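Student: I would like to learn how to read the features of a structure one at a time. Can we go through an example together?

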Amino acid sequence: MSRIARRFATLRAQGRGALIPYVEACDPDYDTALAILRGMPAAGADLIEVGVPFSDPSADGPTIQKAALRGLKGGSTMKRVLEMVSTFRKDDDETPIILMGYTNPIEAYGPERFCTDAKAAGVDGLIVVDMPPEEADLLAGPAAAAGLDIIRLVAPTTPDARLPIVFNGASGFVYYVSITGVTGTRTASTDELAAALPRLRKATDLPIAIGFGIRTPELAANAVSVADAAVVASALLNTLEGTLDADGKATATTVPAVLEQLRALADAVHAVSKTGSK
């Protein structure tokens, strides 16, 4: 059983949903991002997404775009991202790590080499935003050989007829993009989420995580009330950005502020009882 599957099985047995926070690698520098990553499990993270900075994102809103540019300025490379995960694994062998990014840096690194090195570093799953299922051959074989989960995204506009195509080869969990738009903008209502989940449940037995537009503890709790996990990214990155000095460098408040916000989100998510849910 993969680390991701094991974590969701444990949460299901405990009758609670998961909080999946996001940290951008090397934002605003390697040491600060690593300190945030290391502090996330104790602050309530059940799984963690690590963003791979990329200069030309297609799904990220202004907040994550700025974080990615700070990460690139802070020295991010694919090798540096994997080094960050490997260092995290020295102290934590249980919390699943998912890399979220785009195809170009993986192609530049080399898909087979990337999957081998990612697994060795301690990565558990991959979300490649701009890789549709029809083009997944690039990673499918190397990821399967390395034992990495391929996590697929589904949007409100994904028709029912396409769901079997999207879920073919998917593993770990499903990432439901809850709005039609980029990250950190509009928020889907509880009614919209409740209406969307049943058609996904019919098409897959994988856990479903809701992301895009979840900014507050209340919204995270609402997401987990209908799904298996809530993903929070832009809200944490906004907090990080607000602590930086005039030169964009981390201050003494940067790591504590992000982790304090994460604790509040985790408390709300973990207060939702999932007893009796799928």
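Student: How many bridges pair S1 and S2, and is the pairing parallel or antiparallel?

Tutor: Two strands count as paired if DSSP finds at least two bridges between them. S1 and S2 pair in the parallel sense over three bridges. In this pairing, Tyr22 stands opposite Glu49 of S2. The chain goes from S1 through H2 to S2, and this β-α-β crossover is right-handed. A crossover is right-handed if, with the strands pointing away from the viewer, the path from the first strand over the helix to the second runs clockwise. The element names are DSSP runs numbered from the N terminus: helices are H or I of at least four residues, strands are E of at least two.

Student: What is the source of the model, and how are residues numbered?

Tutor: This is a predicted model, in which local features need pLDDT of at least 70 and side-chain atom pairs count only at pLDDT 80 or more, while totals for chains, interfaces and linings use all residues. Residues are numbered from 1 along each chain as its sequence is written, and side-chain values use heavy atoms, with hydrogens and water left out.

Student: How do I read the two faces of a strand, and are the residues of S2 buried or exposed?

Tutor: In a regular strand the side chains alternate between the two faces of the sheet. In S2, Ile48 and Val50 point one way, Glu49 and Gly51 point the other way, and all are buried. Buried means under 20% relative accessible area, exposed over 50%, and partly exposed in between, with a 1.4 Å probe and protein chains only. S8 (residues 208-211) is also covered on both faces: Ile208 and Ile210 on one side, and Ala209 and Gly211 on the other, are all buried.

Student: What are the neighbours of S8?

Tutor: S7 (residues 174-177) pairs with S8 in the parallel sense over four bridges, and Tyr176 has Ile210 as its bridge partner in S8. S8 is also joined by two bridges to S9 (residues 229-232), again running parallel. There, Ala230 of S9 is the bridge partner of Ile210. From S8 the chain crosses through H10 (residues 217-226) to S9, and this β-α-β crossover is right-handed.

Student: What describes the packing of H10 and H12?

Tutor: Two packed helices are described by the angle between their axes and the distance between the axes. H10 and H12 (residues 254-270) pack at an angle of about 35°, with axes 8 Å apart. Axes are lines fitted to C-alpha atoms, for helices over the stretch in contact, and angles run from 0 to 180 degrees between N-to-C directions. Pro217, Ala220, Ala221 and Val224 in H10 meet Ala264, Leu265, Ala268 and Val269 in H12, where contact means heavy atoms within 4.5 Å. The residues of this contact divide into eight nonpolar, no polar and no charged. Here Ala, Val, Leu, Ile, Met, Phe, Trp, Tyr, Cys and Pro count as nonpolar, Asp, Glu, Lys and Arg as charged, and the others, Gly among them, as polar.

Student: Which residues of H10 are buried, and what do they pack against?

Tutor: Ala220, Ala221, Ala223, Val224 and Val226 are the buried residues of H10. They pack against S1, H9 (190-203), S8, S9 and H12.

Student: Where does the backbone have a positive phi or a cis peptide bond?

Tutor: Most residues other than glycine have a negative phi, and most peptide bonds are trans. In the loop between S1 and H2, Cys26 has a positive phi near 65°. Cys26 is buried, with a relative accessible area of 1%. A cis peptide bond joins Asp27 and Pro28, with omega about -10°; Pro28 is found in the loop between S1 and H2. Phe212, in the loop between S8 and H10, has a positive phi near 75°. Phe212 counts as buried at 7% relative accessibility.
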